Amino acid sequence: MAYGTALAALADPTRRTVFERLGSGPKPVTEIAQGLAVSRPAVSQHLKVLKEAGLVSDRPEGTRRIYYIDPKGLGALRAWLDQFWDEALENFRVEAESKTQPDRS
């Protein structure tokens with residue numbers, strides 16, 4: 001999964017809401033769509049985009065599909081984001097250590 005595809009998929013506010021609803025566990029489309037301002041078919045289209053981006057997967061359960069966050073796709077996105085976190089922490093450490101060193105002028 002390319003991080004750019006995942007970020008583009010999550011750029012849409014409704015799609016982010018759909019994705020966030022899966023954070024508490026696997027759900028069918030009807031449950032994901034409850035209370036949203038879009039139709040159930042629209043939610044299915046958002047899920048398709050999230051699936052193509054590698055962020056969600058689905059499995060059959062009787063006559064319906066159950067959607068869940070794909071840990072592999074989410075892990076790839078997190079790894080991309082973590083590189084910036086690691087760099088920021090390292091820069092903070094260097095800056096903090098430079099402030100605690102005695103001035104030798």
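How far apart should the ends of helix H4 be at 1.5 Å a residue, and what is the distance between its end C-alpha atoms?

## Length of H4

Helix H4 takes in residues 40-52, and its 13 residues should span 18 Å at 1.5 Å a residue; the end C-alpha atoms are 18 Å apart, which agrees. The expected span is 1.5 Å times one less than the number of residues. Helices here are DSSP runs (H or I) of at least four residues, and strands (E) of at least two, numbered from the N terminus.

This is a predicted model, in which local features need pLDDT of at least 70 and side-chain atom pairs count only at pLDDT 80 or more, while totals for chains, interfaces and linings use all residues. Residues are numbered from 1 along each chain as its sequence is written, and side-chain values use heavy atoms, leaving out hydrogens and water.

Val43, His46, Leu47 and Leu50 are the buried residues of H4 (under 20% relative accessible area, 1.4 Å probe, protein chains only). They cover an arc of only 100° around the axis, so they lie on the same side of H4. Pro41 and Glu52, on the other side, are exposed (over 50%).

## Meeting H2

Now for a neighbour: the axes of H2 and H4 come within 10 Å and cross at roughly 80°. The two helices are therefore roughly perpendicular (65 to 115 degrees). H2 brings Thr14, Arg15, Val18 and Phe19 to the contact, and H4 brings Val43, His46, Leu47, Val49 and Leu50 (heavy atoms within 4.5 Å).

Methods
The arc is that of the directions from the helix axis to the C-beta atoms. Axes are lines fitted to C-alpha atoms, for helices over the stretch in contact, and angles run from 0 to 180 degrees between N-to-C directions. Angles under 35 degrees count as roughly parallel, over 145 as roughly antiparallel, 65 to 115 as roughly perpendicular and the rest as oblique.
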